[in-house]
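Hi everyone, thanks for making time for this. I'd like to walk you through one structure, so please have a look at it on the screen.

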Amino acid sequence: MSESTAFLGNPEQRALAEQVYKVMTAQGRFFASDAPIRQTLANLADFFAVQQKADRSDVERNIEAALRENAELFAREERDQDVVYVTSRVGVYKPRQEDTIHMFKWRLHDPEHPLPVDDISVVVTTTRPALTTVEPVFISDYWQQQAGILPMPSDVLEDEPPFVVTDDMLIGGEPSQPAPVFVEPALVVAPTPVAASAERVPADTVITLPNGLQIDLRRSVEELMAQYGTTLTNQLRSSIERAVTPRLVIFGTQVFPEISGGGFGKNDLRRIRDYLLEANEPLLDTQIVQDIFRLSPNRPDYESFRFELNHRLSREKDFEFVGVEGARLWSTKGMPPIGTKRLKASEMGQIMGYIEEGFDDSLLAQSADSIRKGGSINHILSFFEWEYGVLPFTRAMAALFPQTLLADQRTTILRFEVPQHYTSALVELRYPTGNRGGWLQGLDAFFRDYLVPGALITITRTEQQHVFTITYEEQSESTERLLVVDEKKNKLIFENVNYYCTVDSDILLTQAQYGRLRNLKLFPMGERRKADLMLEHVFETISDPVGTRAEPRYRTTEGKLLVALNVLRPTSNEYLLHLLKDSDLYASDPELAGSWLYTPPPTTETDDDEEEELYDEDDDE
Amino acid sequence: MDGKNVTYGETGIERLVQLLRASGQPQDIAWLTERYLEVLRELVLAEAKE
């Protein structure tokens, strides 16, 4: 501010305004000359009331009137009921406008005479970096416009004035000739229709998701969630999970800020492990929190503690999550396996692979919707299922049982309650992976104690996500000679069995109906995954010979084949039909609907001898 | 903020952290996504209005 500056108003006001200005510039003595100097009216009134030994309210009124007269010098702002005056050492305060148009970074991005660009890949390298990190690549608007990704901005073409060299831009005094006027011819072309229709404003509110989806944030959150809810959620989840320095952590469907430094030590983990081993079965997170850490659910930090426990255990190799949403169960190394030891997971996965190959006809009898709504499923036990205590994880079963909570979860432990006998069993649900099918195991004791192959069971959901009930229809005692496995001799035999459950008589493996089944060879599980070989063996064993000794041929019905093949391995009717139609060895019998003919491939004498050994010497039916 | 400068899952995530800390409880990812959209809208539309 120069000395000659004249303040406005009456003499008192001019004097007061000058005093205020002096005080404020003294306050900002070390400020930049154009930096704003702010002071509140209240502070000024306090200061001048003491100086002038006058009434504060009068002083305040006078200051306000004086500065109003000099409003150009003192900008007035109101903030939270405070009046603030702003000025600067050079007079009226003007926000600084930095001219960045000639900065090097802009010259680099928007060169004056760029080289032609045929392809955007010339500008952005496609070379794979050593570390595969996903980072956004900034491409200047200019290059995007050159590559045709963005439209040419119309304002540049229309509004930018032609570059004119004026006198004062020349060095060395007066020009000898009239100043040249240079106009770039390319800039005066008429805007194209594309450029004219392009609007910049909407583009500012559009964001691009990592998967390339573009959403306009002018739409409401409800609309966006209704249309892209799953994508938005998944993208946010993967961003959180991939973050180099995670601020948030996820467990299942829940998110919470990362807790650094705190948490569980080795001693806590050892206590949890010991407790699980002592219980001898998977336990809920709530049980662990309550029994080991003595935390009451009423505590305000209970949920965050529980979340942290789950998140920590999920990162420990010694612990495995075997729960579902609503029932977070934890297992640890060294706990007893659930179900029979006669089945290996790898072999079972392959045997059940037909489900994942698309030969699952489980929804023919009950639709997935009715299972979901009704909360129960009916199933007729096959011999294999009864013998090993397993159930196939078909689409019908998938409609009833809960899905995995974690992405890398392989199993879930469920509890099956048997209300008819006041007992319960732990059941391991193995989820399908890739082309390997899923199954449930752990029901062998219940099946053997109370049921026979052909029994109809009903599995029903309960209020607890991991608890189900399994029931069957009881009937008065029946006795039949049924197929069983003689474990000492590892062969199939018939023996008298008493049972008390309703059965499907067509499937009941009685000696009268399926006497030839005792000649089935109990192949090792590794062999049983070869469904085509099993079918040949089963067909030959149970069917009626209709050919000659030189040209043997066999005939049997589809129904019998299905029951017999299910003695050796689980099979659906659809899969059986696929096997029959897929091979040249089988042909449907034109004379008898539902029957099939099998012509075995020619065999050598040695093969025949080996084949004979498979049959039971006592087979004298 | 210009929408082009928004990196989904990174921009404004600090606000989500504060929100979660304030709630004191783990929250569902779908609920969090809605809050995140609100944060992004606030950032982007504030500039659009200016």
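Let me start with a question: how many bridges join strand S9 (residues 319-321) of chain A to S10(A)? There are 3 bridges between S9(A) and S10(A), and the two strands run antiparallel. Strands here are DSSP runs of E with at least two residues, helices are DSSP runs of H or I with at least four residues, and both are numbered from the N terminus. Two strands pair if DSSP finds at least two bridges between them.

Before going on, some housekeeping. This is a predicted model, where local features need pLDDT of at least 70 and side-chain atom pairs count only at pLDDT 80 or more, while totals for chains, interfaces and linings use all residues. Residues are numbered from 1 along each chain as its sequence is written, and chains are lettered from A and ligands numbered from 1 in the order in which they are written.

Back to S10(A). Within that pairing, A:Phe319 has A:Thr332 as its bridge partner in S10(A). S10(A), residues 329-332, is also joined by 2 bridges to strand S8 (residues 283-284) of chain A, again antiparallel. There, A:Leu283 is partnered by A:Trp330. A:Asp274 sits in helix H10 (residues 266-279) of chain A. Is A:Asp274 buried or exposed? It counts as exposed, because it has 12 C-beta neighbours inside 10 Å. The rule is that 20 or more other C-beta atoms within 10 Å make a residue buried, 12 or fewer make it exposed, and anything in between is partly exposed, with C-beta atoms placed from the backbone.

Next, a pair of helices. The axes of helix H11 (residues 285-293) of chain A and H12(A) come within 10 Å and cross at roughly 110°. Axes are lines fitted to C-alpha atoms, for helices over the stretch in contact, and angles run from 0 to 180 degrees between N-to-C directions. H11(A) and H12(A) are therefore roughly perpendicular, a label used for 65 to 115 degrees. At the crossing, A:Asp285, A:Ile288 and A:Val289 of H11(A) meet A:Phe305, A:Arg306, A:Leu309 and A:Asn310 of H12(A). By class, that makes 4 nonpolar, 1 polar and 2 charged residues. Nonpolar covers Ala, Val, Leu, Ile, Met, Phe, Trp, Tyr, Cys and Pro, charged covers Asp, Glu, Lys and Arg, and the others, Gly among them, are polar.

Chain B has 2 helices and 1 strand, in the order α-β-α from the N terminus. Of its 50 residues, 30% count as buried. How many residues of chain A are in contact with chain B? The count is 33 residues of chain A against 31 residues of chain B, where contact means C-beta atoms, placed from the backbone, within 7 Å. Elements supplying at least two residues each on the chain A side include helix H9 (221-242), strand S7 (254-257) and helix H12 (302-314). H9(A) gives the largest share, 10 residues. The chain A side divides into 21 nonpolar, 7 polar and 5 charged residues.

Now to another sheet in chain A. Here 3 strands form an open, antiparallel sheet in the order S1-S3-S2. Strand S1 (37-40) and strand S2 (75-79) stand at the edges with a single partner strand each, so one side of each has no neighbour in the sheet. On average, neighbouring strands are turned by 30° against each other, direction ignored. S2(A) pairs with strand S3 (residues 82-87) over 5 bridges, and A:Arg79 has A:Asp82 as its partner. Helix H2 (residues 41-52) of chain A lies across S1 and S3, at about 70° to S1(A).

Last stop: helix H22 (residues 558-568) of chain A. Why is H22(A) described as largely enclosed by the rest of the structure? Because 8 of its 11 residues are buried, among them A:Leu561, A:Val563 and A:Leu565. What covers them includes helix H21 (531-542) and helix H23 (573-582) of chain A.

Note on methods
Two residues are in contact if their C-beta atoms, placed from the backbone, lie within 7 Å. Angles under 35 degrees count as roughly parallel, over 145 as roughly antiparallel, 65 to 115 as roughly perpendicular and the rest as oblique.
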